Amino acid sequence: MNQQMGKFITLEGNEGSGKSSNISYIQSYLQNIGIDLVVSREPGGTALAENIRELLLHKHQEPMHPMTELLLVFAARAQHFNQLILPSLERGAWVLCDRFTDATYAYQGGGRELPEQYIAELETLVQKEVRPDYVLLMDVDVATGLQRIAERSEKDRFEDQEVAFFERVRACYLARAKVDKQRYFIVDTNQPLEQAQKQIEQYLQKILLESGIDG
Ligand code: Z5A
C-alpha cells in the first residue's frame, strides 16, 4: 500500500508581518496533537541551500541581476525540495515551511517585476506537480511592517528596497490569496499577536478537519 503524502503548509508574508513570531506557535500546536512535523525555511533548509541563502541575502559590491536572483532562489529550492521536502511528504510527515514559491511570485515577480511565466515554468521544472496544500499568509500594512523591522541593526539585501517594492510584494501576495480561497488563509497581523494567533488557530482547526484529524 502506498504511504499517504503528508500535508505541506507554508507561511508567507511581507516584511515584519510576523512569520517568525508565529511559526513556533504553529509548530507547537501541530506537534501537541501528535503530528510528525518537519519545520524548515526558504531560501535554505539544507546545508547547501543555506549557502545559497547567504549569497541571496548578503549585499555584494556587484549588483545582483534579477534573473540571477530568480535562478539562485530556484537552485536553493531544487536542493531543499529534493533533499528534504519531498522525502518528508512521501514518508507521510507534514512539512511547515517559512516561505516557499509564493515568495518568488511576490518578490521576484511582484517586487522585481520579472514575468510571472518565468516563475511558473521554473516552479513546474523543480516541483513537478507538488504545491503547498495550505498557505498561511501573514498580512500587515507595509508601513507598519517596515516600522516593526526598523529596529534591526543590519538590513539584508531585500530589506533595503524602496517602499514601492514592498507594496508590490504585498499586492501580489493578496492577489494570489484572493483567487484561491481554498488553499490561502489570510491572517491579519496588524492586530496584536494574541488576536492573530486566535485567527491562526481557527485556520489550523479547519486544516485538521479537512485532513481528517481530530484536533
Ligand atoms: N525571498 C525571495 O525574494 N524569494 C523567495 O522565493 C524566497 C525568499 C523564499 C528572507 O526571508 C528574504 O528572502 C525575504 C524574501 C526573500 N526578504 N526579506 N527581507 P526571511 O523570511 O528570512 O526574512 P523576513 O521576511 O525578513 O522575515 P523575518 O525577518 O523573519 O520577519 P517576519 O517573520 O515577517 O517578522 P517577525 O520577525 O516575526 O516580526 C517582526 C517584529 O514585529 C518583531 O519585533 C515582532 O515582535 C513584531 N511583531 C510580529 N507580529 C506582531 C504583531 N501582531 N503585533 C505587534 N508586533 C508584532
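The following legends describe close-up views of a predicted model.

Local features rest on pLDDT of at least 70 and side-chain atom pairs on pLDDT 80 or more, whereas totals for chains, interfaces and linings use all residues. Residues are numbered from 1 along each chain as its sequence is written, and side-chain values use heavy atoms, with hydrogens and water left out.

**View 1. The open sheet is built from 5 strands with parallel pairing.** The strand order is β2-β3-β1-β4-β5; strands are DSSP runs of E with at least two residues, and two of them pair if DSSP finds at least two bridges between them. At the edges, β2 (37-41) and β5 (184-188) each pair on one side only. From one strand to the next, the twist averages 20° (axes are lines fitted to C-alpha atoms, for helices over the stretch in contact, and angles run from 0 to 180 degrees between N-to-C directions).

**View 2. Strands β1 and β4 run parallel, and helices pack on the sheet.** Strand β1 (residues 8-13) is joined to β4 (residues 134-139) by 5 bridges, and isoleucine 9 has tyrosine 134 of β4 as its bridge partner. Helix α7 (residues 163-178) touches β1, β4 and β5, its direction making about 140° with that of β4; helices are DSSP runs of H or I with at least four residues, and contact means heavy atoms within 4.5 Å.

**View 3. The ligand is surrounded by 29 residues.** Glu15, Ser20, Ser21, Arg99 and Thr104 are the closest, a residue being near if one of its heavy atoms lies within 4 Å. A polar side-chain atom of arginine 148 lies 3.2 Å from a ligand nitrogen atom.

Terms used:
A polar contact is a pair of N or O atoms within 3.5 Å; within protein, one must be able to donate a hydrogen and the other to accept it, and residues adjacent in sequence count only if both atoms are side-chain atoms.
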